[in-house]
Structures are given as C-alpha cells and as structure tokens.
Amino acid sequence: MVMLRSLVCGRLGPVWMWKALLFIVAIAFATQLLGIIFNKSSAQPAAHSIFSSPDAQGPSLGSCQPHTHIMFLKTHKTASSTVLNMLYRFGEERNLRFALPLGYQLGYPLPFNAHRVKGYRGPRATEFHIMGNHMRFNRPEVEKVMPADTFYFSIIRDPVALAESSFAYYKEVAPAFRKAKGLGDFVDDPNKYYDPRLRNNHYARNLLWFDFGMDNNANFSVELAQHGEAMIRQTFRLILVSEYFDQSMILLRHALCWPLDAVVSFSLNARQQKPTGRSQGKMLPNLSLTDHQREKLRQWNALDWYLYKAFNRTFWEDIDKFGRAQMEQEVALLRVRREILGQVCLKDGGKPVEAYRIRDKNIRPFQSGVVKILGYELQPGLDNATRTACLRMIRPEIQYKDLLDSKQFPRAVQPQLGQQGQGLLAAGGAFVRHDSSRTGEKMMMGEAEMERERDWDGSRIMKSNQTLKGVREKERLR
C-alpha cells in the first residue's frame with residue numbers, strides 16, 4: 001500500500017493536481033458544449049414574417065414592372081376604402097409620394113382643383129405617385145398633378161345596393177334622406193323629398209355619375225349616357241366592379257404588375273348590419289325594398305344604372321380575355337391567402353367588431369350617422385415585422401391619411417384630429433366627432449373646414465371644404 005501511494009505520488013504527481021486537472025477539463029468541456037449550442041442557435045435564420053414568404057408574391061407576372069404612378073377615383077359606398085388601403089400600403093412600403101388633401105378630401109363635393117393637393121407647387125414641380133382620396137373628378141386639374149404615364153382606375157357598384165348603403169350612411173347628412181322614414185318611402189316618391197338645390201342631396205341620386213364629374217340631375221337620354229361612358233373610357237384604363245371584388249383584385253394586380261399580397265385585403269369601412277350590444281337602443285334605417293321599388297330605384301338612378309351595365313359588360317369581357325379558368329385559380333389563391341393572413345393578423349379569426357370594443361384607440365374607425373362602422377383587433381403577440389404589416393391592413397382611412405401626412409410633411413404641425421377626437425371631415429363627406437371609447441357618441445358638425453395655404457405662385461389662398469350646409473343644434477352632442 002505504501003509502495004502504491006509512493007508510486008502514484010512519485011510518478012503521477014500529488015492527488016490535488018489530479019483534482020485540479022479534472023476540474024479544468026470539466027470547465028473546458030462545458031464551455032465547448034455551450035459554444036456548440038450557441039453556434040447552432042445563431043446559425044439558424046431569424047424568424048421571417050409571413051409577409052416575406054414566397055406565397056406573398058403569387059403567380060408570376062413575367063417581366064413587367066410595377067406601376068407607381070396611379071390615380072384611383074374613390075367613388076362612394078363601393079368598397080373604395082378597402083382599395084385605398086391597398087394603395088396606402090403599397091406606397092408606404094416603397095416610400096412613394098401621395099397627392100394628399102389639405103384636409104381629408106380633395107375639395108369634395110366641389111370639382112377637383114389641383115390646389116387642393118398639399119404640397120402642390122404648380123404643374124410638374126413635384127412628382128406625385130399616388131392619388132386616391134375622395135374627389136369629384138376633374139381631368140384637366142388632375143393632369144396638372146399626376147404624371148403623363150399615370151394609370152387611372154375606379155370602381156362601381158349596382159345602383160340599388162349603392163343606394164341602400166348611401167341611405168344608411170348619409171341618412172343624417174342628405175336632406176332628401178333625412179326626411180324619409182325609410183328607403184322604400186323615399187323610392188315611392190323621390191321628388192317629394194329630393195331638392196337638387198340642397199347641399200349633399202347628390203348622395204341621393206346618380207352618385208356615381210356625380211363622382212365622375214358629371215351632372216347627376218341631368219335628364220336621362222341614351223345619347224347623354226353614351227357620351228358620359230365614352231368620357232370615362234377615354235381616361236380610365238380599368239373599372240372594377242364591387243360585386244365581384246376578388247375578380248377585380250386579380251385584374252388590378254395584373255394591370256399594375258403588383259404582388260399578390262398587395263391586393264389581399266380585409267373589408268374596411270363596413271357597416272353593422274343588425275343592432276347588437278350597445279346599438280340595441282338605436283333604430284337603424286329601414287332599407288327593405290320590394291322588387292318593384294328596386295326597379296323604380298334603377299329608374300331614379302338611370303344614369304348610374306347605364307354606367308353599371310356598360311362597365312359590368314366590359315368587366316366580364318376583360319375576364320374572358322384573361323381566361324375564366326385562370327381567373328378561378330387566382331381568385332382561389334387570393335382567398336386562401338386572405339384566410340391565412342386573417343388567422344395570423346386578426347383576433348378571433350378576423351370577425352369585424354364595433355369601434356368601442358377595439359382597445360387600441362388608434363385603429364378605431366370613425367363613425368358617421370346612425371349606422372356603426374366596424375373595425376378589427378390585432379392578434380396579440382405578433383413579432384414587430386408581422387405586426388407592422390398587419391396594422392397597415394386594418395388601419396382606418398382617416399388615421400392612415402394622418403400617418404402618411406406626417407411622414408411627407410414632418411416639419412408641419414399636424415392636427416392629429418384622428419388621435420384627439422376633434423371634429424374632422426370623415427371619408428363619407430360629413431363632419432363627425434370621433435367615436436367615444438365608451439359611449440359611441442358622435443357629433444355632426446356644420447362648420448366649414450377653413451384652410452389657409454400659399455398657392456404655387458406664392459399668393460395667399462383660403463379654401464372651404466364645407467360639406468354640410470348646416471345641422472340643427474339638437475343634432476349636436478353637449
């Protein structure tokens with residue numbers, strides 16, 4: 001035993017040296033193991049947003065280049081807010097310059113004037129890429145703002161469905177609608193309620209014709225209708241149809257050479273169909289119509305009905321040229337992609353909710369009239385890139401305009417009406433107060449929005465964007 005201890009200590013060294021050596025080896029092994037784990041985790045690619053996946057591009061569009069000079073005539077109650085959101089997203093992602101209004105609309109309902117564009121300093125002085133806020137179309141003035149290669153497009157809707165939506169949305173704004181008990185009551189004898197001299201009554205007759213810049217009170221004739229159609233065709237390269245929204249998006253995507261995700265959308269500015277929750281106590285407008293009343297409504301809006309039939313026919317001719325089978329395939333891809341993004345982005349599977357239920361006040365839609373405008377809530381726990389992309393898809397029109405305005409004019413003092421809940425010009429053309437987070441209260445306002453700007457030649461100008469002639473004091477909230 002003594003010989004063994006002597007041998008170990010003499011030949012192999014003392015025991016404490018062995019213990020120290022084993023300790024050093026253990027530390028080295030642990031360090032190496034941690035290094036391997038760290039290297040593996042760092043070698044893995046960072047999590048990519050679903051918006052950067054190959055599916056976001058969609059079917060190949062060949063060698064075409066995306067259009068970036070775009071003019072969208074935003075017609076009323078035609079799903080145009082959803083289309084405008086696509087333009088906002090596309091332009092913001094690529095740092096394009098928008099022809100934004102001084103207020104919230106481009107002088108509507110007056111015919112558009114180039115001086116209504118914020119930052120306009122004369123023809124060709126500034127390059128604007130995208131124009132899409134509400135205006136009454138006036139081609140010569142638009143051409144002062146937009147480049148010669150601009151792609152013009154718009155969207156239409158069946159006049160009956162448009163009238164139903166318009167009546168619900170503008171019931172408290174248009175005198176002709178305000179007096180009627182229901183839409184059917186108005187249709188039975190429209191001349192009893194309609195006075196073309198009263199402001200905002202353009203919402204009650206041939207609204208599409210009006211938005212395209214023509215006289216909505218003109219007596220119908222085939223010659224007049226054909227002339228109006230020809231004027232639109234001369235300017236607009238594509239007219240979408242609201243009732244076939246998905247097919248419209250595929251045609252638009254190919255016309256603009258845009259990726260699939262650029263035309264995937266969630267329906268914005270949609271109205272509540274039935275009173276629920278806090279709206280139970282409010283009477284929604286009566287929109288029920290008989291078949292006979294629907295036909296009378298088409299006659300009342302004969303100019304719009306002519307346009308709808310003409311461009312609906314052209315729309316399906318374009319689909320035939322595109323290929324019905326290919327259209328079905330791409331529409332299916334669009335719908336699958338919308339479903340996937342809805343599951344990723346939206347809480348509760350993407351069901352629209354009333355504004356007061358949306359916790360983030362910055363994405364609550366503004367309210368106008370009796371009917372509630374619905375919005376969305378984001379899915380919690382999203383990574384930053386995904387949350388940013390999802391937020392763009394659901395950001396309401398007025399808040400989005402404010403955001404783009406602040407980016408294009410960072411030195412200007414921004415009113416931030418959307419955030420502060422002050423009176424503002426809503427997308428529909430009425431002055432409203434932001435929907436309260438708890439009460440859902442609104443305020444219709446009769447004041448003009450007065451704007452002081454310097455014209456492109458340096459002269460002082462003052463403009464009024466008034467859309468209400470006046471509202472009775474009892475319609476105001478205290």
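Trainee: Which residues does Ser-242 touch, not counting residues up to four places away in sequence?
Mentor: This is a predicted model, in which local features need pLDDT of at least 70, side-chain atom pairs count only at pLDDT 80 or more, and totals for chains, interfaces and linings use all residues. Residues are numbered from 1 along each chain as its sequence is written, and side-chain values use heavy atoms, with hydrogens and water left out. Taking contact to mean heavy atoms within 4.5 Å, the residues that Ser-242 touches, beyond those up to four places away in sequence, are Thr-78, Ala-79, Ile-155, Ile-156 and Arg-157.

Trainee: Is Ser-242 buried or exposed?
Mentor: Ser-242 is found in the loop between strand S4 and helix H11 (245-256), where helices (H or I, at least four residues) and strands (E, at least two) are DSSP runs numbered from the N terminus. Buried means under 20% relative accessible area, exposed over 50%, and partly exposed in between, with a 1.4 Å probe and protein chains only. Because its relative accessible area is 15%, Ser-242 is buried.

Trainee: What is the order of the strands in the open sheet?
Mentor: Two strands pair if DSSP finds at least two bridges between them, and 2 bridges join strand S1 (residues 70-73) to S2, the two running parallel. The edge strands, each pairing on one side only, are S2 (130-131) and S4 (238-241). The open sheet has 4 strands with parallel pairing, in the order S2-S1-S3-S4.

Trainee: At what angle to S1 does helix H3 run?
Mentor: Axes are lines fitted to C-alpha atoms, for helices over the stretch in contact, and angles run from 0 to 180 degrees between N-to-C directions. Helix H3 (residues 80-93) lies across S1, S2 and strand S3 (151-156), and its angle to S1 is about 160 degrees.

Trainee: Which residue does a cis peptide bond join to Tyr-108?
Mentor: Most peptide bonds are trans. Here the bond is cis, with omega about 10 degrees, and the residue joined to Tyr-108 is Pro-109.
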